[in-house]
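Take a look at it, then read on.

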Amino acid sequence: MKLSDFDFDLPEDRIAVRPAVPREAARLLVAQGTGITDLHVADLLDQFRAGDRLVLNDTKVIPARLFGTRARDGVEGLTQAKIDVTLLAPRGDGNWLALVKPLRKIKEDETVVFTDGLSARLIAKEDGAAILAFNLEGSAFDEALEAAGAMPLPPYIAAKRPADAQDHVDYQTVFARHKGAVAAPTASLHLTTEMLEALAKKGVDVTYVTLHVGAGTFLPVKVDDISDHKMHAEWGEVTVQAVAEIAATKAAGHRVIPVGTTALRLIETAARAGELAPWVGPTDIFITPGFKFRVADGLMTNFHLPKSTLMMLVSAFLTPEAIRDIYEHAIAEGYRFFSYGDSSLLWR
């Protein structure tokens with residue numbers, strides 16, 4: 001299929017720069033068969049049955065955006081130059097892979113100062129990114145990053161406004177546990193503690209998996225033939241317990257519904273051999289029309305960017321024709337798009 005098959009026109013004012021307040025006030029499009037129903041996230045409880053199982057990604061977004069300075073010795077003497085850093089992933093040696101702007105201006109062994117207590121030295125440049133060695137590690141680093149860092153908002157929000165203190169709450173799920181993501185599993189941002197408690201009382205079960213969402217999730221597809229696209233890899237884990245819980249739900253004839261494309265990508269990765277099995281490690285699964293889903297019966301997901309890999313994923317989950325109809329309806333009805341926008345519940 002061609003990249004143009006996943007394009008659509010989206011009015012600029014449909015891009016949400018703040019989430020709905022309260023979270024459950026966001027709108028919810030439910031698609032089943034050829035039917036489309038307009039609801040709100042507050043109505044989600046009525047969409048599930050006792051025995052259904054939600055799969056949630058419990059990754060925790062780190063405040064990965066840092067603003068610092070480096071000393072620059074020029075014709076005007078020693079001056080300070082601004083440096084913008086976005087952490088991408090920790091490396092096994094204790095250093096960090098990061099995006100640095102402007103990368104071409106900074107040299108190896110130079111130090112970037114973020115606060116009086118937090119700084120990093122450029123170790124090397126690698127494929128357009130930087131390897132940074134921070135002056136702190138462990139809990140001391142975590143505390144300094146929490147104090148100095150900003151939430152790494154998606155580019156389409158960051159272009160409209162800077163991150164602020166409210167994003168530390170808004171851009172984090174209520175069940176986030178394992179630090180490591182630089183982007184949120186955004187469909188789960190709609191869920192509240194009270195909603196999860198109500199679902200549990202109804203008999204809807206929950207399983208947690210972990211996929212540390214990377215900044216690569218926002219990279220554009222640059223090839224016309226989508227089969228030529230290379231996906232970024234992200235680290236994930238599906239535990240033995242998670243496999244047992246999902247398998248029990250399937251065996252009982254009940255439905256499994258990942259909340260978010262990250263949870264879906266991970267459980268389908270763990271089932272690629274034909275049967276769901278424990279998984280730990282990187283996944284670069286690329287889901288396009290024709291993909292054989294082995295686990296997910298439904299999917300809760302926000303509305304995605306034109307020509308993105310996530311548009312290809314939802315087109316695979318239903319059909320490209322069904323997704324075109326759904327998105328045309330959503331645009332006509334004024335739904336809010338992307339990370340802080342409204343959501344949908346898709347049934348296969």
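Helices (H or I, at least four residues) and strands (E, at least two) are DSSP runs, numbered from the N terminus. This is a predicted model, where local features need pLDDT of at least 70, side-chain atom pairs count only at pLDDT 80 or more, and totals for chains, interfaces and linings use all residues. Residues are numbered from 1 along each chain as its sequence is written, and side-chain values use heavy atoms, with hydrogens and water left out.

Let's start with the strands, which pair if DSSP finds at least two bridges between them. Strand 1 and strand 2 make a hairpin with two residues between them, and Gly33 in the turn has a positive phi of about 65°. Six bridges hold strand 1 (residues 27-32) against strand 2 (residues 35-40) in the antiparallel sense, with Arg27 opposite His40. Strand 1 also runs parallel to strand 17 (residues 343-347), joined by five bridges; there, Leu29 has Ser344 as its bridge partner.

A charge counts as over a ring if NZ of Lys or CZ of Arg is within 6 Å of the ring centre and within 35 degrees of the ring normal. Two cases:

| Charge | Ring | Distance from ring centre |
|---|---|---|
| Arg27 | Tyr335 | 4.0 Å |
| Arg348 | Phe317 | 5.4 Å |

Tyr335 also belongs to a cluster linked by ring pairs, whose members include Phe8, Phe337 and Phe338. Rings of Phe, Tyr and Trp (its six-membered ring) pair if their centres lie within 6.5 Å; planes under 30 degrees apart are stacked, over 60 edge-to-face, and the rest tilted. The structure holds 17 aromatic pairs. Phe337 and Phe338 form an edge-to-face one, 6.1 Å centre to centre with 85° between the planes.
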